[in-house]
Amino acid sequence: MTELSIDTASELASIAVSNEGVLLAEMTWRCRRNHTVELLPSIDKLLAQTKVAREDITAVFVTIGPGTYTGLRVGVTTAKALAHALGVPIVGVGRLELDAYPHAAFDGDVIAVHKAGRGEYAWAAYRGAPWREVAAPQLAKPAALANAAASSSLFVGEIDEALTEALPASAVVASPASSLRRAASLAELAYGRLASGQTDEAALLVPMYLRPPAIGPQPPVE
């Protein structure tokens, strides 16, 4: 089994090659909004480094969001095209779950957060043993997010000053380094689902957006 993982939900892109969920090689870089230009050449470079041909890939894993419109569109489209061309299964995993997953051993709710603009944060909550979602991805202002959290939750992801000030004193905030989302986590989590028969239909797999993308005609400002 050789899997390709693609995470383009933010300006920090990450890809990985794994064997039954175990990392073989990984590449993470600040892509900003150049996913269209940089993703495929980076995949080819990583495959060359690991001496893996595209035809050797037996599954494709991809982050489905929420996140940036361009990044998600490019990542999900690329993953679906590769899975279709190679005739292999595809597994989509949410960005917030991937932020939370490295902290699965925490004894309590792990609340993953990322800035969503307009003073709001995208967030979801997870808990381990067994690993599960306890609050679905949603948008909230800092005060509402803090009120929704359990008293001793671990906050991970994009925790800025405004959110930190709103959190209760009992909340634990992970360090930025420990909150770095990587394709290695995607490889491990998605392979577990693949091994248990949980795959996605490529034609039906779409990016997750918590609000309509800010493109196209906009409603008039009153």
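Modeller: Let's start with a term: a residue counts as exposed when its relative accessible area is over 50%. Keep in mind that this is a predicted model.

Biologist: Thanks! Then is Arg118 buried or exposed?

Modeller: Arg118 counts as exposed, because its relative accessibility is 60%. Arg118 sits in the loop between strand E6 (110-117) and E7, and its phi is positive, near 60 degrees, although the residue is not glycine.

Biologist: What about Ala129, where does that one lie?

Modeller: Ala129 is in the loop between E7 and E8. Its phi is positive too, near 55 degrees, and Ala129 is exposed, at 80% relative accessible area.

Biologist: And what kind of peptide bond joins Ala129 and Pro130?

Modeller: A cis one, with omega about -5 degrees. Gly65 and Pro66 are also joined by a cis peptide bond, with omega about 5 degrees. Pro66 belongs to the loop between strand E4 (59-65) and helix H2 (69-86).

Biologist: Switching topic: how many aromatic pairs are there?

Modeller: Three. In one of them, the ring centres of Tyr126 and Trp131 are 5.6 Å apart and the planes are at 10 degrees, so this pair is stacked. Tyr126 is buried, at 3%, while Trp131 is partly exposed, at 21%.

Biologist: Last one: how do strands E2 and E3 pair?

Modeller: E2 (residues 12-19) and E3 (residues 22-30) pair in the antiparallel sense, over eight bridges. Ile15 has Met27 in E3 as its bridge partner. Two residues lie between the strands of this hairpin, and Glu20 takes a positive phi near 55 degrees.

Notes: Residues numbered from 1 in each chain as written. Predicted model: local features only at pLDDT ≥ 70, side-chain atom pairs only at ≥ 80, totals over all residues. Heavy atoms only, no water. Pairing = 2+ DSSP bridges. Helix = DSSP H or I, 4+ residues; strand = E, 2+ residues; numbered from the N terminus. Phe/Tyr/Trp six-rings, centres within 6.5 Å; stacked < 30°, edge-to-face > 60°. Buried < 20%, exposed > 50% of the residue type's maximum accessible area, 1.4 Å probe, protein only.
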